[in-house]
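Work through the exercises below with the model in view, and try each task before reading its solution.

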Amino acid sequence: MHHSKKCDSPGEGYEVSDFLLDERLARDSECLSKLGLCQLRLSRDGRWPWLILVPQRNGVSEIFELTPLDQAVLTFEINMVANALQKVTGATKINVGALGNIVRQLHVHVIARSEGDPNWPGPVWGFGTAEPWDADARKIFVDKLQEALS
């Protein structure tokens, strides 16, 4: 059984209490919860159901720089979040990617894509202009996601 914690809960277990989040990730996304290794964040761009996993490890920009245990936990958390996102959205495809060309801090995008969504079947990166979430749609999505993750 998976247990996630609120974003402002004190550090324990895998968490690093002095973890520093890149300011661009902080600006462009909001923390939904803390998993074992990662912060689970929601992109502020509401055009797609777009989640971001940020391993709470300072100074890491590549997956291969994580310890073998952290790599295994990251894979588990990516799969758990992608599965929940698929259940909640019924998406045609779940895109998973760690690019980091601009924001070097290691972070993994998990994005639900469906035929007919903005720029389908092209990538979400660099397409158009971000649009904020509708408050009601955001609440419904986050509630369903948290339920699917519990």
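**Exercise 1.** Determine the hand of the crossing of H2 and H3, and then describe how the two helices meet.

*Solution.* The crossing of H2 and H3 is right-handed, a crossing being right-handed if the near helix is turned clockwise from the far one by less than a right angle, and left-handed if anticlockwise. In this predicted model, local features need pLDDT of at least 70 and side-chain atom pairs count only at pLDDT 80 or more, while totals for chains, interfaces and linings use all residues. Residues are numbered from 1 along each chain as its sequence is written, and side-chain values use heavy atoms, with hydrogens and water left out.

Next, take the contact (heavy atoms within 4.5 Å): H2 contributes Met80, Val81, Ala84, Leu85, Val88 and Thr89, and H3 contributes Phe141, Lys144, Leu145, Ala148 and Leu149. By class, the residues of this contact are 9 nonpolar, 1 polar and 1 charged, where Ala, Val, Leu, Ile, Met, Phe, Trp, Tyr, Cys and Pro count as nonpolar, Asp, Glu, Lys and Arg as charged, and the others, Gly among them, as polar.

**Exercise 2.** Find the cis peptide bond and the residue with a positive phi that is not a glycine.

*Solution.* The bond that joins Trp120 and Pro121 is cis, with omega of about -5°, and Pro121 lies in the loop between strand S5 (108-113) and H3; strands (E, at least two residues) and helices (H or I, at least four) are DSSP runs, numbered from the N terminus. Asn119, which is not a glycine, has a positive phi of about 70°, and Asn119 too lies in the loop between S5 and H3.
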